[in-house]
Amino acid sequence: MHSPSLWQALRAPRYLLGRWPWRSAAYLLSGVLVGAATLVSLLLLAVAGGALAVVLIGLPLLLMFVLAGIPLAALERRRLRLIGPAVLSDPHREPDGTGLAAWVRVRLKEPATWRELGYALLFAFVLWPLEALVVGTVLVVCGGLLATPVVLATVGGGEEVRVLKIWLAHSYPQAFAAALAGALLLPVLAYPLGVVAAGRAALTRQLLLSREAAVDSRIQELGRSRMRLVDAFEAERRRIERDLHDGAQQRLVALSMTLGLARLENPGEPLGGLLAKAHDEAGTALVEIRELIRGIHPQVLTDRGLKDAVEDVADRSTVPVDVRFELSGRLPEPVETAAYFAVSEALANVAKHSGADRAEVRGEIAGGELVVEVRDDGAGGADFSGGSGLQGVADRISVLDGHLRVSSPAGGPTVFRVRIPCPPGGPLAGTAATAEPPTPAATPTRTRT
């Protein structure tokens, strides 16, 4: 789980008991220090650069003034971690060349550089004085009240002391009452302090987060959430497959065996005929549930990989299928799963709609992608409409940034090509991704007849 942000903590009942009031104060106090240092640095660079602009040394100083927002923005992105878990990405790109000159040229052309310079000026002349005013008010009010007994004993000689320059405390009971008021006021002021710190952080994010970076961040988050949904879906498929395999299928096997024994014990009519019919129905149900389990997530895909799983599909096809795969080991599990169901859908379409006499499945790794091609000699005319299932295949593959291309002119042939990114050396998923011994570069053709 992600850590909560300051805005979320402010709405929680245990805000005062946590670390957030201290982090808010640290954020504002560090902002005062950084802002004061930024103001001094900018003034020195501006004055020195302006005074020396007529000589060669003045130009680098002015250039440093223009680029001063870059290190400040980097520091501000780090300081934001005091307020929330989300981290701002660096909007600057790497220069094409090497050396300081190439770096400066790239930075001067980037809108982020000028946006960060504007933020530095705003920070130096406006923001940190406001932060100093807020933090100073809290420290002066609460600190002055809490220190009243000490000031009365040391400065006032035990007789009287002026509290916050407003009223006089003539005795220790009055001094301790003022200290108690300061202790009670401190948690009350912790809330507006947190609100100011959260608002200040939100302003920083708004000013430093470029639109391009925001869009990229949103796209990346959508991609991650889409992958999480796919992983959850595949996990649920496997759970259903496991429950059917270990539960319903075993019960049907036991039922079929029981009915078979009952037929042996009672071969005569009419009971024998009824038992035979029930035995046949149980066998049919067992075959159907096995097909259903294989369609949910075949065990051969988990145990032996994509090549053997595709050969298993080809063996069960009503159309003869030639299978040629050139793979040297296991692939990442999401890639294998997507490719397997794509081939299954393609071969199902070949058997149902194409009228083909023969089909061929090829697979290889090319250019960092898994390329799988299903070709048949049928009548053609396949498309994405009419609930053919091709659209579902395309949606599944698109989650992995893959592509589906179908060429099926009238009269054929139909070519079904899937490309799924599969970089070499990528992480393998789970125990199912254990590498097999390398195979020859060209796997011998396996033909289903």
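This briefing walks through selected helices and strands of one protein chain. The model is predicted. The chain holds 14 helices and 8 strands. Of its 449 residues, 37% are buried. Among contacts with a separation of 6 or more, 69% link residues 24 or more positions apart.

**A helix inside the structure: H12**

- Helix H12 covers residues 306-315.
- Buried residues number 7 of the 10 in H12, so this helix is largely enclosed by the rest of the structure.
- The buried set in H12 includes Leu306, Ala309, Val310, Val313 and Ala314.
- Asp308 and Glu311 are also buried in H12.

**Two helices side by side: H13 and H14**

- Helix H13 spans residues 333-354, and helix H14 spans residues 390-398.
- Their axes lie 10 Å apart.
- The packing angle is about 165 degrees.
- An angle over 145 degrees counts as roughly antiparallel, and H13 and H14 are therefore roughly antiparallel to each other.
- The crossing of H13 past H14 is left-handed.
- On the H13 side, the residues that meet H14 are Thr337, Ala338, Phe341, Ala342, Glu345 and Asn349.
- On the H14 side, Leu390, Val393, Arg396 and Ile397 meet H13.
- Sorted by class, this contact has 6 nonpolar, 2 polar and 2 charged residues.

**A strand with two partners: E5**

- Strand E5 runs through residues 369-376.
- E5 is mostly covered, with 7 of its 8 residues buried.
- One partner of E5 is strand E4, residues 359-366.
- E4 and E5 run antiparallel and are joined by 8 bridges.
- Gly363 has Val372 in E5 as its bridge partner.
- E4 and E5 form a hairpin with 2 residues between the strands.
- In that hairpin, Gly367 takes a positive phi near 60 degrees.
- Another partner of E5 is strand E7, residues 414-421.
- E5 and E7 also run antiparallel, and 8 bridges join them.
- Leu370 has Ile420 in E7 as its bridge partner.

**What to look for in the 3D view**

- Find H12 and its buried residues, among them Leu306 and Val310.
- Then turn to H13 and H14, where Phe341 is one of the H13 residues in the contact and Ile397 is one of those from H14.
- Finish at E5, which is bridged to E4 and to E7.

Note on methods:
Residues numbered from 1 in each chain as written. Predicted model: local features only at pLDDT ≥ 70, side-chain atom pairs only at ≥ 80, totals over all residues. Heavy atoms only, no water. Axes fitted to C-alpha atoms, helices over the stretch in contact; angles between N-to-C directions. Helix = DSSP H or I, 4+ residues; strand = E, 2+ residues; numbered from the N terminus. Parallel < 35°, antiparallel > 145°, perpendicular 65-115°, else oblique. Left-handed = near helix turned anticlockwise from the far one by under 90°. Contact = heavy atoms within 4.5 Å. Nonpolar A, V, L, I, M, F, W, Y, C, P; charged D, E, K, R; others polar. Buried < 20%, exposed > 50% of the residue type's maximum accessible area, 1.4 Å probe, protein only. Pairing = 2+ DSSP bridges.
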